[in-house]
Amino acid sequence: MNLRQLRQFITLAETGNFHRAAEQLHMAQPPLSVSIRKLEEELGSPLFERTSSGVRLTAAGEAMLEDARASLLHAERCRHAVQDTRSGDGGLVRLGIIGSATYALLPELIPSLRARYPKIELELSEATSSEILEGLVTRRFDAGLLRYPVLNPSGFEILPLDRDDFVLAVSEQSPLAERDAIALSEAAGEPFIMYPADKVPGLSALAMLRCQFSGFVPHVAQEAMQVQTIMSLVASGLGVGLVASVSRRMMPRGIKCLSLTDNPPGFHVGIALALLPGGGNRTVEKFTEHALRFSSVSRDDRTNPDRPV
């Protein structure tokens with residue numbers, strides 16, 4: 001049984017006549033009769049009853065008709081899926097994301113992507129930046145949204161999408177909460193909730209580097225991998241924490257985020273799109289092109305995405 005036979009079977013069932021069916025199929029009647037007979041022999045049951053005016057479906061033919069139509073429909077969907085993926089207008093993008101990408105970037109990016117490319121599907125998996133880079137190498141991910149600057153960008157294409165700055169998260173019970181801005185050097189004596197270097201090495205290094213730019217090495221009272229966990233620990237009074245300012249959008253009760261007045265010139269953190277160069281996947285290319293439309297980072301800065309200052 002093949003798709004050609006199924007199409008012939010459906011056409012004959014709908015017309016009820018070999019001559020009309022052959023005309024619609026743009027073929028001669030005898031080959032159509034032979035093809036239907038072979039199909040009946042393969043299935044071991046007659047599908048049509050021959051009448052003086054044409055044919056009508058047997059009980060077996062009636063049972064087969066709905067599934068035959070579904071088979072042709074699914075076959076056509078397969079054809080379109082391949083065509084859409086080849087053109088990049090459809091297909092699946094397996095995207096690794098850091099948690100903070102869900103605060104602002106993805107809620108803006110996804111609706112516009114669906115409007116422009118409704119056939120592109122995203123499979124989102126939350127991971128750390130280092131896990132995303134590893135997932136690109138192992139082909140678990142097609143692309144990733146990770147924190148930049150990246151410690152070791154060698155072998156990857158890093159395209160910054162969103163620029164941000166650190167802010168200092170403090171408990172509302174802290175005397176520091178009376179202020180809206182602070183030089184980070186003024187918090188040198190505070191216990192810090194920091195990122196573990198073995199789990200999130202990039203963000204840990206950036207936070208440590210930011211403290212050193214303000215002239216001190218922080219006293220680490222506690223470590224936490226997720227921004228939400230850091231802010232919860234800050235709210236509990238265990239210390240202060242450096243978080244990206246976009247985290248203000250998901251700030252829990254009991255927290256205040258202070259702007260930093262002593263930021264070194266050119267020091268920023270942000271979110272970048274990471275890819276393996278030369279992937280050749282048109283769907284990923286279309287996703288990348290669309291994501292760059294939302295970039296708040298200039299084209300010149302994209303050429304040096306790994307520089308921290």
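The legends below describe close-up views of a predicted model.

**View 1. Helix α3 and its buried face.**
Helix α3 comprises residues 29-43. At 1.5 Å a residue, its 15 residues should span 21 Å, and the end C-alpha atoms are 21 Å apart, which agrees with that expectation. The buried residues of this helix are Leu32, Ser35, Ile36, Leu39 and Glu40. Seen down the axis of α3, these buried residues fall within an arc of 135°, so they line one face of the helix. Pro30, Lys38 and Glu41, on the other side of α3, are exposed. Just after the helix, Gly44 adopts a positive phi of about 75°.

**View 2. The open sheet of 5 strands.**
The strands of this open sheet follow the order β4-β3-β5-β13-β6, and their pairing is mixed. Strands β4 (119-126) and β6 (157-164) form the edges, each pairing on one side only. From one strand to the next, the twist averages 25°. Strand β3 (residues 90-97) runs parallel to β4, and 8 bridges join the two. Within this pairing, Gly91 of β3 stands opposite Ile120 in β4.

**View 3. Helices against the sheet.**
Helix α6 (residues 129-137) packs on the sheet, where it touches β3, β5 (143-148) and β13 (269-275). The direction of α6 makes about 145° with that of β5. Helix α9 (residues 282-293) lies across β3, β4, β6 and β13.

The model contains 9 salt bridges, including one between Glu14 and Arg69. The closest N and O atoms of this pair are 3.2 Å apart. The pair links distant parts of the chain, with Glu14 in helix α1 (residues 3-15) and Arg69 in helix α4 (residues 59-87), 55 residues apart. Glu14 has a relative accessibility of 52% and therefore counts as exposed, the cut-off being over 50%. Arg69 is partly exposed, its relative accessible area being 40%.

The side chains of Glu76 and Arg79 form a salt bridge, with an N to O distance of 3.5 Å. Because they are 3 residues apart in helix α4, Glu76 and Arg79 are separated by about one helical turn. An α-helix has 3.6 residues a turn, so residues three or four places apart point the same way. Glu76 is partly exposed, with a relative accessible area of 31%. Arg79 likewise counts as partly exposed, at 45% relative accessibility.

Glu285 and Arg282 meet through their side chains in a salt bridge of 2.5 Å, N to O. Both residues lie in helix α9, 3 residues apart, which corresponds to about one turn of the helix. The relative accessible area of Glu285 is 32%, and this residue is partly exposed. Arg282 is also partly exposed, with a value of 30%.

Technical notes:
Residues numbered from 1 in each chain as written. Predicted model: local features only at pLDDT ≥ 70, side-chain atom pairs only at ≥ 80, totals over all residues. Heavy atoms only, no water. Helix = DSSP H or I, 4+ residues; strand = E, 2+ residues; numbered from the N terminus. Expected span 1.5 Å × (residues − 1). Buried < 20%, exposed > 50% of the residue type's maximum accessible area, 1.4 Å probe, protein only. Arc of directions from axis to C-beta. Pairing = 2+ DSSP bridges. Axes fitted to C-alpha atoms, helices over the stretch in contact; angles between N-to-C directions. Contact = heavy atoms within 4.5 Å. Salt bridge = Lys/Arg side-chain N within 4 Å of Asp/Glu carboxyl O.
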